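This report covers charge pairing, a charged surface patch, backbone geometry and helix packing.

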Amino acid sequence: MTSTVIDGIGVLYTGDPEREEIEDAALVVEDGLVAWTGPAAEAPQADRRVAAEGRGVIPGFVDSHAHLVFAGDRTAEFQARMSGQAYTGGGIRTTVAATRQAGDAELATRAAALVKEMRAQGTTTVEIKSGYGLTVEDERRCLEIATALTDETTFLGAHVVPSGMDADDYVRLVAGEMLQACAPYAKWVDVFCERGAFDGDQTREILRAGIAAGLQARVHAGQLGEGPGVRIACELGAASADHCTHLTPADVDALASSGTVATLLPGAEFSTRSPYPDARRLIDAGVTVALATDCNPGSSYTSSMPFCVALAVREMGMTPLEAIRAATYGGARALRRTDVGWLRPGTRADLVVLDAPSYVHLAYRPGVPLVHQVFQAGLLLEEDPQNPPLVVGL
């Protein structure tokens, strides 16, 4: 078993509540797992040494909400919004039409390119939804493509009702034949509970069918306005209610008294010129908060978790510490994962070496590429010959 010590770390953000930040730190990796964290002066011997040279280290980002399997382009829709047109979610059907026409190879290549983008920006765990097929076969193949890229796959047949279909007929299809075809390729079931998409009764029917089929629940809730989605998520024990832009006091109380995470997606508000979620309100109420990109071609075409961290600090009332916690530990909680999102003995050695002394610079220097190196299960990803790992001893 080979061990590696990364030392000379400026600030190590572990995400471990017992010791969340360590200055002048070191970290030891063995067999793909974190074996030790602490002050560099106390680091145990290892087979090789990697010098961080004062750079900060954080857990790999956990992006718990992304729509990566799609075809087509919605640039015209974005330009219209920037000219004053309101976002309604209706453009989803444009992507559905393009996705249905695309072949598997095209969809797989595009999704893999987005995952590569994410990894280059420090994301080591990503959830991927279906939702741009909306037929039994197209939803199934989109999920099958997603399984090659992540273990965190979500069946979102209930994204919108396809053009020309009766809503009740479509709900029966989603909760029946479509779910049966997709469940073998999915871990999660999701519903867009929103005006213009699915109401409370339809949401419950689909989520309950998914849970009965062995999937775990998560819900799109409160993006365009107040509605029942958050309370349904809490009622059914969903792992996460996502968006949470428009919340009633009852919604906040339900989240605070449940195990459901509030996953905030500031890229969507940035891209749609909508009000940002009030993260401060949620955190002060004791709600567990996650940050995710919502990477999709219509309302949030960003793959950058650092960008979302900066938005959360600038626009949502979060401190840099709260934002990095939400983008790592919070994202892991939204996926019910304990092996990623933090760095403590026994967790997977997914970590990011920053070109900055601490995580604070992610918000302090927005838009600047600050990811120096990314390790997944202790292995350096996408090694650049012009930027080799700083191994100074074997």
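## Salt bridges

A salt bridge is a side-chain nitrogen of Lys or Arg within 4 Å of a carboxyl oxygen of Asp or Glu. The model is predicted: local features need pLDDT of at least 70 and side-chain atom pairs count only at pLDDT 80 or more, while totals for chains, interfaces and linings use all residues. Residues are numbered from 1 along each chain as its sequence is written, and side-chain values use heavy atoms, with hydrogens and water left out. Searching the whole structure gives 26 salt bridges.

Arginine 74 pairs with glutamate 77, their closest N and O atoms lying 2.7 Å apart. Both arginine 74 and glutamate 77 are buried; buried means under 20% relative accessible area, exposed over 50%, and partly exposed in between (1.4 Å probe, protein chains only). The areas come from the Shrake-Rupley method.

## A pair within one helix

Arginine 140 and glutamate 144 form a salt bridge with an N to O distance of 2.5 Å. They are four residues apart in helix α4 (residues 136-147), which means a separation of about one helical turn. Helices (H or I, at least four residues) and strands (E, at least two) are DSSP runs, numbered from the N terminus. An α-helix has 3.6 residues a turn, so residues three or four places apart point the same way. Arginine 140 is buried at 18% relative accessible area, whereas glutamate 144 is partly exposed at 36%.

## Other charged groups

Glutamate 315 and arginine 314 also meet in a salt bridge, at 3.9 Å from N to O. Glutamate 315 is partly exposed, with 35% relative accessibility, and arginine 314 is exposed, with 62%. A network of salt bridges links Glu127, Lys129, Asp190 and Arg218.

Asp166, Asp168, Asp199 and Glu205 make up a negative surface patch. Patches are made of residues with over 30% relative accessible area and no salt bridge; like charges are joined within 9 Å, and nonpolar side chains (Val, Leu, Ile, Met, Phe, Trp, Tyr) within 5 Å. Lys and Arg count as positive and Asp and Glu as negative, while His and the chain ends are not counted. The place of a charge is taken as NZ of Lys, CZ of Arg, CG of Asp or CD of Glu. Glutamate 205 sits in helix α6 (residues 200-212) and is partly exposed, with a relative accessible area of 40%.

## Positive phi values

Most residues other than glycine have a negative phi. Cysteine 244 has a positive phi of about 55 degrees although it is not a glycine. Cysteine 244 is in the loop between β11 (240-243) and α8 (249-256), and is buried at 1% relative accessibility.

Alanine 377 likewise has a positive phi, near 50 degrees. Its place is the loop between β15 (371-376) and β16 (379-380). Alanine 377 is partly exposed, its relative accessible area being 30%.

Asp251, Val252, Ala254 and Leu255 are buried in α8. These residues cover an arc of only 160 degrees around the axis, so they are on the same side of α8. The arc is that of the directions from the helix axis to the C-beta atoms. Pro249 and Asp253 are exposed, on the face of α8 turned away from its buried side.

Threonine 153 belongs to strand β8 (residues 152-158) and is buried, with a relative accessible area of 2%. Threonine 153 and leucine 143 are 10 residues apart in sequence, and their C-alpha atoms are 6.8 Å apart in space.

Definitions and conventions:
Areas by Shrake-Rupley, 256 points an atom, 1.4 Å probe, with all protein chains shown as cover.
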